Amino acid sequence: MIVMFGKLRSKHDRAVLLIAFWILLALLGPLCSSHDPGAIGMQPVFSGPSMAHLLGTDYLGRDTLARLLNGIRHTVLLCFASTLFSCSVGTFLGIAAVTSRVWVEAVTGRLADGFLSIPSLLFALLVIAVFGTSTGALIMTMGIIYTPGAYRTSRALAQRIARLDFVTVARARGESTPYIILQEILPNMAGPMIADVGLRFIYSVLLLSNLSFLGIGVQPPEVDLGSMVRENMLGMAYGSPAMIVPVIVIAVLTVGINLALDSSSGKR
Amino acid sequence: MAATIQVENLEIVGRRGKGEELPIVRNVSFSVQRGEMLALIGESGSGKTTVALSLLGHIRSGCRIAGGTIRVAGYDVTALTPHERRSMRGRVISYVAQNAGSAFNPALSIMRQVVEPALVHRILPRRELEARAVSLFRVLALPEPETIGERYPGELSGGQLQRLMAAMALMTDPEVVIFDEPTTALDVTTQIEVLAVFKEVFAERGITGVYVTHDLSVVSQIADHAVVLKDGAIRETGTVSKILFQPEDPYSQALLAAAEPRSRQTDLAKRPAQPALLDVRKLVVGYGQATSAGLPEKVIVNHVSFSVPKGGMLGVIGESGCGKSTLARAISGLQPWAAGELFLNGASLAGSVRERTPEQRRHLQLVAQNADSVLNPSKPIGKTLERVVRFYSGLKGEAATRRVNELLDMVRLSPALASRLPSELSGGQKQRINFARALAADPQIVLCDEITAALDTVVAAAILDLMKELQRDLGLSFIFITHDLHALQSICDRVAVLYAGQAVEVGPASTLGKGVHHPYTRLLHDSVPLMEPGWLEATQRRRLAEATPVTTLNPLSPDPELCCFLARCSDRVGGLCDRVPPPVLSVSQGSSVLCHLPASIRPEFLS
């Protein structure tokens, strides 16, 4: 896989492949381990890697690899879903603000400013305090938190493009607004928007990990990367993989996706 | 005596990204004697700016000097350490950039910026430098030299900023000054003033100069020697009179041929009068709230009327900011107007493009100024054209492709280009595609907004030829908006002269320069540099002779109804022009002129 990855010429393909890899890992990963992520056995806690437990065990003596694969599933899927939400809603509103009447921009703009002024963690705490910590609530919360940012980016991009002559010419021709948005504006803002998606994804991974670390994200018996780190804090003293590996995975996931999307958008 | 500037076998190479090194400048050698002015002539991409900047020891990042020597005033520029280079720049050699508007920091006052280079080199204490700056302002004929330094760049005009930039370059009393297209961004009426001042100052101070330009008429006025560059190599060197009047190299000859004011007029202009295709009546366009009189707060286009006959070509000329582009936007329905009417084929046109019928939209096409931004960068040009064809004629598949190829052929481009993206085309090719896009609609009238402004002379000449061909072959009408009087005269039948939003004169293009005209039209016509040695001095002398008469203007509240050219007019009559709004007068050659036409310019021609 890694060899193939390096050989790919186009940076664009590389980004697509990397995203596909993480989604596949999220979907199929838990099937790769024979251990039950929730099973507390007779094993010692915080044991090192062995043939039976490739990444050792956690603070309850559960298999770290099985829990890690499960944690990746939650983190990746939740964050992809919320990023998808925030970026599509944000882009839609951003373009709408530029192409519709003036009051649309005034209303959406002020709303976005209002949301941006609320600290994201505080907002998440508030929503979760009211609605509880279901998966759906988490996705929506994170989605809403990052929508204003995506909105601002897309509005700024669309504003610049909408002023260019080829859009003017299309309007002079009498093209419909949907055509102008889909054919003239969107393709030309795709590059920077993709880079923005990468950024939003990282933010949501970090926010979810934060929430889980505080104990209000993904709830046991389910697990995500952030809650794994919190559970196994004690293992730090033993150098246990149960604490270190999820941290490394968070870093690799966020930095990798961001680099891949950044370079693919720059090459357009 | 050794030359002040001596460049020998200069080679500069550069690379794009990780590609191979490509030569940018090839084996360039020239020398400039003390007190002389050398012109570097060439089209964009010929390496003229690269050569000029290398004299300062500056090479753009990614490029390097691969060979040759540069000696400026005794310094071996290529061998200097960064520290020595710093001390040489500004003190021995200085630079005047093309766009003074963006070269000044808008947040600092003029004086702080003008004395800065001299201050950096610790030539004199600040107070003495400021005194020197004021004397330079006076020499450069800037208004209010004592206090202009306290102002900010945004408060001054382009021509003033360009002269201030020259003042900045002269502060340290350098031996050599490099000018990089210093008047290209200026209006002709301003350009002549700046050129005249520059020339006087050079002669007075014995400055050795290098003047980078593509404008041959400017070269003929200001330089002693010239070097013609193409693709980084020298094609011809010699005295200006030799290069301009007996060029030997085929490329120099082509450059000259393109710059030569040449008529493309055909007999077409002499056919019987055609009915008006587009009729503009008392159009008013502006911004802001409507005032009590029903006019907008800020009027950009002020009661403009003209008409374009079928198959006719109307030129609209004026300086930047006179409302040319706003007029084009209003006619094409992108900018609503406040008052007036517009008729196409006798039918009234709505102010907004959405309210016009598809037929009306098809018949009136806009070719916008900037070829770089007019094509969607993410679509192959074939797709762009196909969309227009499909939009207006409903052709699909095979038929649409055939039509696209036909259009490409019409603008003299190969059908193979259809699969290219706009970024893979040259400026001239893009402008042709821009044309093809308008033609795809099968229009009756095409509005061309400054379409040749960003192109090199040779390419622009080809575009003008193309326009004339299209007019002849397809019977198209054109409105050609420009600030280039030569281009206008070479193709247009009629001309509308715009000043401060008003059409001060509308008449036949062929009579420009003779007969009775609005004072602004005459000023404009006289300001276009000719390729005659001594033209600059002669014109300046004539201007001085007919200097503005000393009349006290009615100073209180200039009435918007009064003549817009009043403050600059050399023929104004006190008590008439500053009190009574100008009437529209018809003169013998068939023009209508918005002026009282005082006795000094009118005499007996008034019909």
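Biologist: How many residue pairs are in polar contact between chain A and chain B?

Modeller: This is a predicted model, in which local features need pLDDT of at least 70, side-chain atom pairs count only at pLDDT 80 or more, and totals for chains, interfaces and linings use all residues. Residues are numbered from 1 along each chain as its sequence is written, chains are lettered from A and ligands numbered from 1 in the order in which they are written, and side-chain values use heavy atoms, with hydrogens and water left out. A polar contact is a pair of N or O atoms within 3.5 Å, where within protein one must be able to donate a hydrogen and the other to accept it, and residues adjacent in sequence count only if both atoms are side-chain atoms. With both residues at pLDDT 80 or more, the count between chain A and chain B is eleven residue pairs.

Biologist: Which element gives the largest share of the side of chain A that touches chain B?

Modeller: Helices here are DSSP runs of H or I with at least four residues, strands are runs of E with at least two, and both are numbered from the N terminus. On the side of chain A that touches chain B, α7 (165-173) and α8 (177-214) of chain A each supply at least two residues. The largest share, seven residues, comes from α7(A).

Biologist: Which side chains meet in a salt bridge between the two chains?

Modeller: A salt bridge is a side-chain nitrogen of Lys or Arg within 4 Å of a carboxyl oxygen of Asp or Glu. Between chain A and chain B the count is one. At 2.6 Å, N to O, the partners are Glu175(A) and Arg387(B).

Biologist: How do α7(A) and α8(A) run, roughly parallel or roughly antiparallel?

Modeller: The axes, lines fitted to C-alpha atoms over the stretch in contact, with angles from 0 to 180 degrees between N-to-C directions, come within 11 Å for α7(A) and α8(A) and cross at roughly 170°. Because angles over 145 degrees count as roughly antiparallel, under 35 as roughly parallel, 65 to 115 as roughly perpendicular and the rest as oblique, α7(A) is, relative to α8(A), roughly antiparallel.

Biologist: Where is Ala73(B), which is not a glycine and yet has a positive phi?

Modeller: The phi of Ala73(B) is about 50°. Its place is in the loop between β4 (63-72) and β5 (75-76) of chain B.
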